[in-house]
Amino acid sequence: MDDVLILGGGAIGLATALALLEAGRGVRVLEAAQVGRATSFGNCGTITPSHAPPLAAPGVPARALRWMLAPDAPLYIRPRFDPALWRWLLRFARRCNRRDWLASTTARAAILNDSRARLAGWVRRYGLECEFAEKGLDYVFRDPRNFEHYVAECGPLNELGIATEVIEGAEYLRQEPALREGVAGAIRFPVDAHLRPDRYVAELARVVRARGGVIEEGCRVEVLQPEDEAVLVRLQDGGTRRGREAVVAMAAWTPALVRRLGVRLPIQPGKGYSITYAAQPLVPQRPLVLKDRSVCVTAWGSGFRLGSTMEFSGQDTTLNPVRLGALERAAREYLRQPPDPATVQERWYGWRPMTWDDLPVLGRVPRHPHVWIAAGHGMLGMSMSAASGQLMADLITGRDPAIDPAPYRVERFQ
């Protein structure tokens, strides 16, 4: 029998595995396909305390209703009969008020700030070769009204320990030659960082194996069956695994697995897209969010990526050319030298596990003392990975947690 089974080999599952190994526990990671090839693979790799404010904010429902009519909008909901999605959207809309916005922002800031510092420590301690860079991140605006709206948020963010710098348009263009004329202003988050996400996950897997952890790929979990003193896992191929504890870290696939345990998790698969290019000649000095278009731009020494958008279309497995085109149009609008289409290496989509309060689900499953959940990180799995892994390890081993676990408990949805 294994000590701890971790179901899911993405950033969250592997970070949990590493933290448990550091605490002296044994781990076996079961990954349905290949490590890091699902939700963790194609995002923009930004490590962002700046993203503490949740999507559920005052004014969002009105904008979302307008966006529903535009298939290339930053948020798109494909019209269809889906009662679970509409219940989720109703709960999301109810949180679009100042009180709930502040509560989610505070809880997100706690885990993001802890994770930012912890991840940098892991990079140094384990020599993670993932193109990690601590250069900050810029929100860039061409719409003056949108710029002023976000400038007004800087005060509350500073109070939460998230440093901001407001830069007027002309000055920003002097600093950043990769941008076209017409920038109204920018907000810099100097503490943010970035990395190459596929390499980060691969490096986590390397360190987990080096420290004695076992990673099995091609192990698709079908059933999770709690026992008196252990947890039995049944695989699609008919095999079984048994562990003293089990952590379900299967991103958007988590709700289906834990439903048989009486756990109803309101996690919707929010579909995100990215386009990866070879290295480009003129690129921004740090990651950018083209805020009027909600598109992220990240340049590494090894390549260049456009990403973002949010599409609620269930677990649709097609690449939507309209959504990909929105990324390319934003790049042409903002960048002096948009990426060369001839250098495209990959067009990608992935499902972000979205909760309606925009907080992850981290903790023990009610009535099942040996089953744990680490899921629901939305668009911030990379950013929250190190803190989530540490928090899960602290809870499982009974140590005092580094951050307050209360906002992330499973029970808030039961």
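Predicted model: local features only at pLDDT ≥ 70, side-chain atom pairs only at ≥ 80, totals over all residues.
Trp88 and Phe312 are both buried.

A pair of aromatic rings is described by the distance of the centres and the angle of the planes. For Trp88 and Phe312 the centres are 5.2 Å apart and the planes stand at 50 degrees, so this pair is tilted. In total the structure holds 10 aromatic pairs.

Another of the pairs is Trp253 with Trp351. Here the geometry is edge-to-face, with 5.7 Å from centre to centre and 75 degrees between the planes. Trp253 sits in the loop between β12 (240–248) and α9 (254–258), while Trp351 is in strand β17 (residues 344–355), so the contact ties together parts that are 98 residues apart in sequence. How exposed is Trp253? Trp253 is partly exposed, because its relative accessible area is 33%, and buried means under 20%. Trp351, at 9% relative accessibility, counts as buried.

There is also a cluster. Ring pairs join Tyr139, Phe141, Phe147, Tyr150 and Phe189. One member of that cluster, Tyr139, has a charge over its ring: the charged end of Lys291, 4.3 Å from the ring centre. A second case is Arg91, whose charged end sits over the ring of Trp356 at 4.2 Å from the centre.

Now the helices. Two packed helices are described by the angle between their axes and the distance between the axes.

Take α8, residues 197–210, and α11, residues 381–397. Their axes come within 12 Å and cross at roughly 20 degrees. Angles under 35 degrees count as roughly parallel, so α8 is roughly parallel to α11. The crossing of these two helices, α8 and α11, is left-handed. On the α8 side the contact involves Pro197, Tyr200 and Val201, and on the α11 side Met382, Ser385 and Ala386.

The other packing is α1, residues 11–22, against α4, residues 98–126. The axes come within 13 Å, with a crossing angle of roughly 65 degrees. That makes α1 roughly perpendicular to α4. α1 passes α4 in a left-handed crossing. Which residues make the contact? From α1 they are Ala15, Leu18 and Glu22, and from α4 they are Trp122, Arg125 and Tyr126.

That is the end of my part.

Methods. Residues numbered from 1 in each chain as written. Heavy atoms only, no water. Phe/Tyr/Trp six-rings, centres within 6.5 Å; stacked < 30°, edge-to-face > 60°. Buried < 20%, exposed > 50% of the residue type's maximum accessible area, 1.4 Å probe, protein only. Helix = DSSP H or I, 4+ residues; strand = E, 2+ residues; numbered from the N terminus. Lys NZ or Arg CZ within 6 Å of the ring centre and 35° of its normal. Axes fitted to C-alpha atoms, helices over the stretch in contact; angles between N-to-C directions. Parallel < 35°, antiparallel > 145°, perpendicular 65-115°, else oblique. Left-handed = near helix turned anticlockwise from the far one by under 90°. Contact = heavy atoms within 4.5 Å.
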